[in-house]
Amino acid sequence: MKKKNLAALLMAGAMSLSLLAGCSSNGDQTSNPPASDAGTQESQATETDNQGGGTDVVTIKVGGIGPTTGDAAQYGTATQWGAEIAVDEINAQNGPIRLELQYEDDTNSADTAVSAYNSLKDWAKDAPLVIYGCTTTAPCVAVSTETFADRYFQLTPSASSPEVTNGKDNVFQMCFTDPGQGTAAAEYLKSSGLGTKIGVIYNNGDPYSTGIAEAFIAHAKELGLEVAATSTYPEDTTTDYTVQLNACKDAGADLVFLPIYYTPASLILAQAKQMDYAPIFFGGDGMDGMLDMDGFDKSLAEGLLLMTPFNASGTDERTKKFVETYQTGHGILPNQFAADGYDCMYAIYEACCQIDGIADMDHEQLCDALSALFTGGDFSVDGLTGSAMKWLTTGEVSKAPVVVKVEGGVYVTQ
Amino acid sequence: MSFLNNVITGISLGSIYAIIALGYTMVYGIAKMLNFAHGDIIMVGAYMCFFAMGSFNLPPAAGVLLAVVVCTVLGIVIERLAYKPLRSAPSLAVLITAIGVSYLLQNGAQILWGAATKTFTPIVSTAPEARLVLVPGQLSISYVAILSIVCCIVVMIALTLFTGQTKMGKAMRACSEDKGAAQLMGIDVNTTISVTFAIGSALAAIAGVLMCSAYPVLSPTTGSLPGIRAFTAAVFGGIGSIPGALLGGILLGVIETFAKTISTELSDAVVFAVLIIVLLVRPAGLLGKYVPEKV
């Protein structure tokens, strides 16, 4: 009996230890590298102080939310890491505004995201807080409802459904909306003349995929493109796509539009090759990241077209620097989620720099001031995912979509 | 021809379900518990093989062997630490523990190996030409599918011989019939249950490697959905019955494939509707033993 109890205790201990381990490793990721600043920032978040020869420095607290564990963790960690690089750069500039980022895990679930939001409010206490997130759509809709009621400014790097911003004047997106991406895809196909018969395969259990696909099909028909086959699958953990591919093949589709994430897409490419079906594959921004999958055979993606606002093999100075810092810190190439996160921090920073009397504002006044500035028409930001990005009154971003083609394992802008 | 092609796809998918379902069914039959962490052992097995082949450049056979060894040890350790202390606890407590172990394995894998999806290197070639052509241009079977089906048959025969002929197999059947009586007859129940977990986990490792060879993506949550499908297959065939797991697995694979050709939206609904109908007619599953409750 004694022995049994001991074993149970050990197991319980091991489990709680591993939980703690999980927490602390998350904690490490969220802490901001400039450790010397962290202490001072912590203690006087609201107050201004005299640093660097008499200029007032204001610290704005940024509360990030996204999945850093669970099945969407790769997206959350990317938005977190991208934002951290931007925050380090901004704070190193010694400008009038400093950012302090605290990142909370929402495990891609709406209720966890709301708890994360509440703990961020506790963390900020009375200091002005800006919400950065969420990474994925469903949690973002839940949190944006809360921030709208509580009056916190919110900027999401990647939650792309129109539901996120619908009817909320305080919520803005850094990424394209889903319908916007679908329409842009149809227009690109019309103007490039690729594909005479189009097949569409999408995930009808996912609002991102369905949103793009429906707008694409509707707009393609308006433009007179022939959508020969439409096929769906229920969830991204589906593994067999031969039935869907056969539907496209039988309909004679020479271009297959895949508004889906890269994990199922990599299986579709592999299975299409196995069945000797070689149409042009065309994807949305969810396809970004496929080339960096461990062990992925890049030749499968040769000729793949995708719309992504960010190209990690871009040659401009800012992209090169970002990619280098990201790779040194985390050992992988940044994807567009990371770049969107980076741009979000600069958008918040540049907007804050333009607000007069920011030092005396509470979160409500800051929210109103930032929302007015974003929709004012004069405010624009240059970033990694676009230049002179502006925001519409709906909260939607306006920037040019970029189509890239995979050639020899890298993106080539079309 | 597309009918026959679908049958072949269904059987090869079903063979993998069957191998996983065997693990569920054996553990249920002997320890009378649902081991929901079984699906995650599949994932651990696949990761072991992935790293053996990818990082250490071992041959596929060594990768499979490593996966089997690691999963066997893991299965025994989990049973000893998490389930054995609860042997006399209510079955609900054990069920919750199993779900907890499942989360522990998933999140542990995420900490160790990251959340990003990895592409598995198949243990046999999946190139378009790597297939056995039956009718040129119309009907062919990929080598991976053949391997899955052969593995499933071999495993079935081996298990049937093991439970029927060996001393340990007999002890297992005795435990599944009446644990208390078996103990009185001098059977070491704890060892028997450990061996059951070891066999179930070894099978999970094989299933993991086969599954990831057929559908080469690997992430910490890879095992959960096939785990649930295989659990369904085990219930379908009659949980606790070894031939039932085979029949349930293969039928589930075939029904799933055909349901998809009717409607991709409704495929899961069709699969589970069939399950409900079967359970209404035969509450113990297709080959399960119906034991009326004595009052």
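A:Asn94 is exposed, with a relative accessible area of 57%. The residue sits in the loop between helix 3 (73-92) and strand 3 (97-105) of chain A. Its phi is positive, about 60 degrees, although A:Asn94 is not a glycine. Most residues other than glycine have a negative phi, and most peptide bonds are trans. These values come from a predicted model.

A:Lys125 follows helix 4 of chain A and lies in the loop between helix 4 and strand 4. Its relative accessibility is 67%, so A:Lys125 counts as exposed. The bond from A:Gly133 to A:Cys134 is cis, with omega near -5 degrees. A:Cys134 belongs to the loop between strand 4 (129-133) and helix 5 of chain A.

Confidence was examined for each chain. Chain A has a mean pLDDT of 85, and 87% of its residues reach 70 or more. Where pLDDT is low, the predicted coordinates should not be read in detail. Chain B has a mean pLDDT of 89, and 98% of its residues reach 70 or more. Among the elements of chain B, helix 3 (residues 60-83) has the highest mean pLDDT, 94. Strand 2 (residues 131-135) has the lowest, 82. The model as a whole scores ipTM 0.74 and pTM 0.75.

Helix 4 of chain A covers residues 110-124. How far apart should its ends lie? At 1.5 Å a residue, its 15 residues should span 21 Å. The end C-alpha atoms are 21 Å apart, which agrees. Several residues of this helix are buried, among them A:Ala113, A:Val114, A:Ala116 and A:Tyr117. A:Leu120, A:Trp123 and A:Ala124 are buried too. An α-helix has 3.6 residues a turn, so residues three or four places apart point the same way.

With a relative accessibility of 0%, A:Thr147 counts as buried because the limit is under 20%.

Aromatic rings were considered next. Over all chains, the structure holds 29 aromatic pairs. One of them joins B:Phe51 and B:Trp113, whose ring centres are 5.9 Å apart. Their planes meet at 45 degrees, so the pair is tilted. B:Phe51 lies in helix 2 (residues 38-54) of chain B, and B:Trp113 in helix 4 (residues 91-113) of chain B. The pair therefore ties together parts that are 62 residues apart in sequence. In chain A, ring pairs link A:Trp81, A:Phe310, A:Phe322, A:Tyr326, A:Tyr342 and A:Tyr346 into a cluster.

The charged end of A:Arg318 sits over the ring of A:Tyr346, 4.7 Å from its centre. Elsewhere in chain A, A:Lys399 lies over the face of A:Phe176, at 5.8 Å from the ring centre.

Cysteines were checked for bonding. A disulfide is a covalent bond between the sulfur atoms of two cysteines. How many does the structure contain? The search of the whole structure finds 0 disulfides over all chains. B:Cys152 is in none; its nearest cysteine sulfur, that of B:Cys151, is 8.6 Å away. B:Cys152 has a relative accessibility of 2% and so counts as buried. B:Cys212 is likewise in no disulfide. The nearest cysteine sulfur to B:Cys212 is that of B:Cys49, 8.7 Å away. B:Cys212 is buried, with a relative accessible area of 0%.

B:Ala61 and B:Cys49 are 12 residues apart in sequence. In space they are 9.2 Å apart, C-alpha to C-alpha. B:Ala61 lies in helix 3 of chain B. B:Ala61 is exposed, with a relative accessible area of 58%.

Conventions
Residues are numbered from 1 along each chain as its sequence is written. Chains are lettered from A and ligands numbered from 1 in the order in which they are written. This is a predicted model: local features need pLDDT of at least 70, side-chain atom pairs count only at pLDDT 80 or more; totals for chains, interfaces and linings use all residues. Side-chain values use heavy atoms; hydrogens and water are left out. Helices (H or I, at least four residues) and strands (E, at least two) are DSSP runs, numbered from the N terminus. The expected span of a helix is 1.5 Å times one less than its number of residues. Buried means under 20% relative accessible area, exposed over 50%, partly exposed in between (1.4 Å probe, protein chains only). pLDDT is the predictor's confidence in each residue, from 0 to 100. A disulfide is a pair of cysteine sulfur atoms within 2.5 Å. Rings of Phe, Tyr and Trp (its six-membered ring) pair if their centres lie within 6.5 Å; planes under 30 degrees apart count as stacked, over 60 as edge-to-face and the rest as tilted. A charge sits over a ring if NZ of Lys or CZ of Arg is within 6 Å of the ring centre and within 35 degrees of the ring normal.
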